[in-house]
Amino acid sequence: MSRAAVPGLPSRHPIGGQLPALYADDDFAQRFTAGLDTVLAPVFLTLDTLPAYLDPRVTPADFLTWLASWVGAADDAQWPEELRREAVVRAVELHRWRGTGRGLVEALRLALGVRAEVTEDGGAVWSSTPGAELPPESSAGPLVRVWPDRAARVDPGRVREIVRAMCPAHTVCRVEILPGQPADEGR
């Protein structure tokens, strides 16, 4: 990720023009400072365009991976560049929803282009009677149903990997992969 090799890049702040008048006509001083201008021009260019480097929608593609690591975004080199940019843009939102049904559905949609729904919330039970027996543990955790949307087929391994990463630690999520869109949604 080198930005220094830009042939013929002019400096916006040439040093030769800032020298005292004594050196304005000195050929050696002007050539010497022109060499420094060549070295400093990429630095000035980078500083002038720094906001563009920090905006995932326009940052150079080779900087996107580094930017993704700053915000903890999922970044897969196999994803199209447009999808990688969206993952970085939406990273904070997805972190906020991590461990929830909504977060899981959004992560699956973003990463795999599938639609999903989460049933059974894996919630807690309680009793208003002090000292009551604990209820039996439910053997079934939340069910994640997944079906293709923008993807032609669904990779079960990738789905399980994302579900395992996004489900709360105390829950065991079940995964069901369906062949097409559910009957209750007529999109």
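Helices (H or I, at least four residues) and strands (E, at least two) are DSSP runs, numbered from the N terminus.

Now, the model is predicted: local features need pLDDT of at least 70, side-chain atom pairs count only at pLDDT 80 or more, and totals for chains, interfaces and linings use all residues. Residues are numbered from 1 along each chain as its sequence is written, and side-chain values use heavy atoms, with hydrogens and water left out.

Let's go to the sheet. It is open, with 3 strands in the order β1-β2-β3 and mixed pairing; strands pair if DSSP finds at least two bridges between them. β1 (114-119) and β3 (174-177) are at the edges with a single partner strand each, so one side of each has no neighbour in the sheet. From one strand to the next, the twist averages 20°.

Strand β2 (residues 143-148) runs antiparallel to β1, joined by 6 bridges. At this pairing, V114 has P148 as its bridge partner, and T119 stands opposite L143. With β3, β2 pairs in the parallel sense over 4 bridges, and there V146 has I177 as its bridge partner.

Two helices come next. Contact here means heavy atoms within 4.5 Å, and angles run from 0 to 180 degrees between N-to-C directions, with axes fitted to C-alpha atoms, for helices over the stretch in contact. Helix α7 (residues 156-166) lies across β2 and β3, at about 150° to β3.

That helix range brings me to D76, in the loop between α3 (61-71) and α4 (81-89). D76 has 17% relative accessibility, so it counts as buried. Leaving aside neighbours within four places in sequence, D76 is in contact with R84 and R158. The D76 and R158 side chains make a polar contact at 3.0 Å, meaning a pair of N or O atoms within 3.5 Å; within protein, one must be able to donate a hydrogen and the other to accept it, and residues adjacent in sequence count only if both atoms are side-chain atoms.

Last stop, α1 (residues 27-48). Its buried residues are A29, T33, D37, A41 and P42. Thanks, everyone!

Technical notes:
Buried < 20%, exposed > 50% of the residue type's maximum accessible area, 1.4 Å probe, protein only.
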